[in-house]
Amino acid sequence: MTTRTARTTAAPLLVLLAAALTGCGSSDDSSSDDPLTSDQAAKGGTVVVGSNNFPESILLADIYGEALKAKGIKVTYKPNIGSRETTYGLIKNGTLTVLPEYNGALMAYLDPKAHPTTVEGTGKAIEAKLDPKLTLLEPSEAQDRDAVAVNAATAKKYNLTDKSTIADLVDVAPEMVIGGSPEFQTRKHGLPGLKDLYDVEFKSFKALDAGGPLTVAALKGNHIQAADVFTTDPSIGKNNFVVLQDPKNLFGFENVTPLVYKSDLPEAGVAALNAVSAKLDTATLLKLNSEVQDESKDPLDVAKSWLSAQGLT
């Protein structure tokens, strides 16, 4: 899995790959050295903002954290922790107070059988299964969906275009290797869903990272022919990857939404995060991601600049 740290996103790709292979991670001086440490007594009213282990989650955590700081709330960061299987447990036990989430993916984690057809229905399905100590705040318009993409060579070989669908892989997937995060192999929003909804089965699966540099490099180099990518990833256009349509809505709604541990977030914090969601849309998220990943800007600087431009600091 990619373990890019919150303050080193601008590092060269070689460093990023090394970090991913070694599982190392660090944080700024406002964060605990160990993101998995639970010490409720030490929190002392501090709001702890966590993130999963991919660049966009780290960027969103910085946006949330700095928006809270602007309201006079004390914030520390626990960045780059890991996958939802880890972070959900940490926010459920109060180690984290705020976590950037994606409503559809969270719903699939909590209730794999649910398949709502609206954003509102997705929220209701989540709340029905969510730990009572937790709540979702207002969803933003910004969506970052998982998607199946193929590289340019594979698209040319099988006559796939951006109008093609996942179903068009039925006959050719047995010749292809697909890559993604280890969880993609077992989650509903992954290989099981591709089989159940589209009857698509690949030759093999290669465990890489969550739409990060390992996945991009493997797809670009044709070590894999298809991959799970995030639709706001600027590397899609940069490398001429072809994203396949998902007409059966396997990947559902993926609105960026703050998940919070209710008792540790003051009302001013709730208002601050809802104000962020009101301003954040998909085009903005793609632009901010591009600044971090293509222009090598520090995600904290990008977060501060955007919040200031929106009048949120």
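This is a predicted model: local features need pLDDT of at least 70, side-chain atom pairs count only at pLDDT 80 or more; totals for chains, interfaces and linings use all residues.

Trainee: Which residues touch the most other members in the largest nonpolar core?

Mentor: Val49, Ile63, Leu68, Val98 and Leu265 do, in a core of 37 residues. Such a core is a set of buried Ala, Val, Leu, Ile, Met, Phe, Trp, Tyr and Cys residues joined through side-chain atoms within 4.5 Å. Helix H3 (55–69) is one of the elements that each supply at least two residues. H3 gives the most, with seven.

Trainee: What does Val98 touch?

Mentor: Its contacts include Val49, Tyr64, Leu68, Leu265 and Leu273, not counting residues up to four places away in sequence. Contact means heavy atoms within 4.5 Å. Apart from this core lies another, of 23 residues, including Ile166 and Leu191.

Trainee: New topic. What is the strand order in the open sheet of five strands?

Mentor: The order is E7-E6-E8-E5-E9, with mixed pairing. Two strands pair if DSSP finds at least two bridges between them. E7 (204–207) and E9 (242–243) are the edges, each pairing on one side only.

Trainee: How do E5 and E6 each pair with E8?

Mentor: E5 (146–150) and E8 are antiparallel, over five bridges. Val148 stands opposite Asp228 there. E6 (177–180) and E8 run parallel, joined by two bridges. Gly179 stands opposite Ala227 of E8, and its bridge partner in E7 is Lys206.

Trainee: Why is E8 called largely enclosed?

Mentor: Five of its five residues, 226–230, are buried, so the rest of the structure largely encloses E8. Ala226, Asp228 and Phe230 point one way, and Ala227 and Val229 the other. In a regular strand, side chains alternate between the two faces of the sheet.

Trainee: Okay, helices. At what angle do H12 and H13 pack?

Mentor: About 140 degrees, with their axes 9 Å apart. Axes are lines fitted to C-alpha atoms, for helices over the stretch in contact, and angles run from 0 to 180 degrees between N-to-C directions. Leu288 and Val292 of H12 are among the contact residues, as are Val302 and Trp306 of H13.

Trainee: Where is Ser296 found?

Mentor: Ser296 is in the loop between H12 and H13. Its phi is near 60 degrees, a positive value in a residue other than glycine. Most residues other than glycine have a negative phi. Ser296 counts as partly exposed, at 42% relative accessibility.

Trainee: What about Asp199: what is its phi?

Mentor: Near 55 degrees, also positive. Asp199 lies in the loop between helix H8 (191–198) and E7. Asp199 is partly exposed, with a relative accessible area of 44%.

Notes: Residues are numbered from 1 along each chain as its sequence is written. Side-chain values use heavy atoms; hydrogens and water are left out. Buried means under 20% relative accessible area, exposed over 50%, partly exposed in between (1.4 Å probe, protein chains only). Helices (H or I, at least four residues) and strands (E, at least two) are DSSP runs, numbered from the N terminus.
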